[in-house]
Amino acid sequence: MIPYSRQSINRKDIRDVTAVLRSNYLTQGNTVPRFEAEVAQYCGARFGVATNSATSALHLACLALGLQPGDRVWTSAISFVSSSNCALFCGAEVDFVDIDPRTFCMSIDSLKLKLSKAERDGNLPKIVIPVHFGGQSCQMREIRQLSDKYGFSIIEDASHALGGEHLNNKIGSCEYSDITVFSFHPVKPITTGEGGMAMTNSEKLSHLMQLLRSHGLERDKTKFLGTTNSEIWNYQQVYLGFNYRMSDIHAALGLSQLSRIDKFNLKRNQIARNYSKSITNLGVTSQQILDVNFSTFHLFVVRIQLSQAKLAQKKIFQGLLNEGIKVNLHYTPIHLQPYYQALGFKRGDYPEAESFFGQALSLPVFPKLSKLQQRTIIKTFNRLIDSLS
Ligand SMILES: *Cc1c(COP(=O)(O)O)cnc(C)c1O
């Protein structure tokens, strides 16, 4: 069986994790701060706040930006459910922006139209969460210009995109956003087992996310409220926070993995190039990568644009599975999930996302996917698609 994605673990990863297991601190030692500093340095942000998942980091990011019940958050209609669930965690309302059918990222034209309508109707979003689909950045300069015009904050969901570049900046530099979130789930560019990180250039947002990550406890006495707290062991709970901390065991794996991120991403790019040049049927298109982007190719998504696309998609999906190739579909549009349907979203709300859903397949991409496995995937895929067109 060839999985659609898989982590790459080497001896150094195992050695470094084991070293933490032999040390005095399994959590709240110095490995997490080291990992935060190295990721921040790698992507050119001032601060990184490590968490136990990207989902937690997205939640912290929304809270730090002051998201409250009654506020609105917009994200891409094609993403993992966390991109919008984080808003619901805060009691805010969610709405979606349709995708660009070529880049699979949030469509700037749809965003513009939706914003001007929302301005008229008096229901502008407080936060917009662009999703860097498959590791390709959204058009952040345009989104930033719109945020200056309409006054919303920006959280980049860069769960797919550690090591990606946009307009000569590393994704995560927060050049155009308030906060950028990475995921370290095993299928993502690097892994900590489970984990995530929120990057920011704002000291205030970083401090708030640190407090909220650990029960809302302030330990810096100069920031204490009132004047009676002089005991050395004291802390104050100043917010209702969570335990979203990353452990030092996880951070050790992350640090070791980070030293190989560029190698991983080059390998993924080689695989993507190989797929692109070998899949030549005119009924198949893949993600258009803009010139200003370097994608991590977390995903390689093809769109099957034959007549009866939905049937073709099913047949190819099943055909590949029968040959032991575990393709996947990223993603069911969030508004079509039963939970969101119950909130009132309807089929037809985001036509480009729904059309994508009826055509898309993710072929396997991960650093250890061998040349032979790639040949098997390409041969099988081409045979199936030719038999249908
Ligand atoms: C994986 C993913 C997440 C959630 O990441 P976790 O670390 O598993 O919480 C959020 N958004 C997107 C786009 C993702 O792909």
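This is a predicted model: local features need pLDDT of at least 70, side-chain atom pairs count only at pLDDT 80 or more; totals for chains, interfaces and linings use all residues.
I started with Lys310, which lies over the face of Phe357, 4.3 Å from the ring centre. My rule for a charge over a ring: NZ of Lys or CZ of Arg within 6 Å of the ring centre and within 35 degrees of the ring normal. I found another case at Trp74, where the charged end of Lys114 sits over the ring, 5.2 Å from its centre.

Residues are numbered from 1 along each chain as its sequence is written, and side-chain values use heavy atoms, with hydrogens and water left out.

**Rings**

Next I looked up ring pairs. Rings of Phe, Tyr and Trp (its six-membered ring) pair if their centres lie within 6.5 Å; planes under 30 degrees apart are stacked, over 60 edge-to-face, and the rest tilted. I got 14 aromatic pairs by this rule. Why is the pair Tyr275 and Phe300 called tilted? Its planes are at 50°, so tilted it is, with the ring centres 5.1 Å apart. Tyr275 is in helix α9 (residues 261–278) and Phe300 in strand β14 (residues 300–304), so I noted a link between distant parts of the chain, 25 residues apart. For helices (H or I, at least four residues) and strands (E, at least two) I used DSSP runs, numbered from the N terminus.

Buried or exposed, for Tyr275 and Phe300? Both are buried, and the cut-offs are under 20% relative accessible area for buried, over 50% for exposed, and partly exposed in between (1.4 Å probe, protein chains only).

Then I checked Tyr339 and Tyr340: their ring centres are 5.9 Å apart and their planes at 70°, so this pair is edge-to-face. Tyr339 is exposed at 56% relative accessibility, whereas Tyr340 is buried at 2%. I also wrote down one aromatic cluster, formed by Phe80, Phe104, Phe133, Tyr331 and Phe356.

**Helices**

On to helix packing. Two packed helices are described by the angle between their axes and the distance between the axes. The axes are lines fitted to C-alpha atoms, for helices over the stretch in contact, with angles from 0 to 180 degrees between N-to-C directions.

Helix α10 (residues 309–322) packs with helix α13 (residues 371–388) at about 145°, their axes 10 Å apart.

I finished the helices with α7 (residues 203–213), where the buried residues include Leu205, Met209 and Arg213. Their cover includes α2 (31–43), β1 (47–51) and α3 (54–64). Just after α7, His215 takes a positive phi of about 70°.

**Thr55**

My last stop was Thr55, which is in helix α3. Thr55 counts as partly exposed at 27% relative accessibility. Leaving aside neighbours within four places in sequence, Thr55 is in contact (heavy atoms within 4.5 Å) with Ser82 and Phe89. I also looked up Thr55 and Val181: they are 126 residues apart in sequence and 8.9 Å apart in space, C-alpha to C-alpha.
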